[in-house]
Amino acid sequence: MIARFGFIFLLLGFGLLMFAAGLLAPASLRQPVQGWSAQLLALAGQEAARVPAASAAIAPARSAAAPAAAAPAAAPPVPAESLLLPTPLPAKGSYGVQAGQFATLDAAQALLRQMRSLYLPCMPPIAVVDRTGLQSFVAAVGPYASLAEAREARRQVAQSLQQLTPPLILLPAAPPGAT
């Protein structure tokens, strides 16, 4: 019995020391670790992207809009924080439902093909950059003129992806010259 409590104390003490070491670590050590963790999360996203990609391959013929969606993806990446809904909401905005975020453009396009097969309006993949400089691609359903329309679409997206509540996002403004 005492041995069990001793072992539990040992584990708790080790965890506390590791937590303190993480808090007290200099920024020069934290940045590489944050970069590695971002890469691991990106790899996990690639693994998760394989399932929608396989489902999209089984889906019926691609829609005519699918090839056109690949061209605007060359737009410069936007900061990931710019997709978050601000408070208060802007007077005019274009809203969407984030169906997924992937490390590769192909994975985002595969999910969008799946969403199009359900007759949902889809944006071209949105290239985003997080605070560490890691680029990823957001697959968004929309645009919707109002938050109420986006909330209604979120139910359908959640049901098709078997997610509880995919996030609502504020879509970036169209680049100059885009129609």
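## Helices and the model

Helices here are DSSP runs of H or I with at least four residues, numbered from the N terminus. Keep that in mind as you look over this structure, which is a predicted model.

## Helix α1, out in the open

Let's start with helix α1, which covers residues 2–24 and has 23 residues. From its first C-alpha to its last, α1 reaches 32 Å, close to the 33 Å expected at 1.5 Å a residue. How many of the 23 residues of α1 are buried? The number is zero, so the helix lies largely in the open.

Side chains of opposite charge can pair when their charged atoms come close. The count for this model comes to one salt bridge. Which residue does R155 pair with? Its partner is E152, and the closest N and O atoms of the two are 3.2 Å apart, within the 4 Å cut-off for a salt bridge.

Both residues sit in helix α5, which spans residues 147–161. R155 and E152 are three residues apart there, so about one helical turn separates them. As for accessibility, R155 counts as exposed at 58%, while E152 is partly exposed, with a relative accessible area of 47%.

Definitions and conventions
Residues are numbered from 1 along each chain as its sequence is written. This is a predicted model: local features need pLDDT of at least 70, side-chain atom pairs count only at pLDDT 80 or more; totals for chains, interfaces and linings use all residues. Side-chain values use heavy atoms; hydrogens and water are left out. Helices (H or I, at least four residues) and strands (E, at least two) are DSSP runs, numbered from the N terminus. The expected span of a helix is 1.5 Å times one less than its number of residues. Buried means under 20% relative accessible area, exposed over 50%, partly exposed in between (1.4 Å probe, protein chains only). A salt bridge is a side-chain nitrogen of Lys or Arg within 4 Å of a carboxyl oxygen of Asp or Glu.
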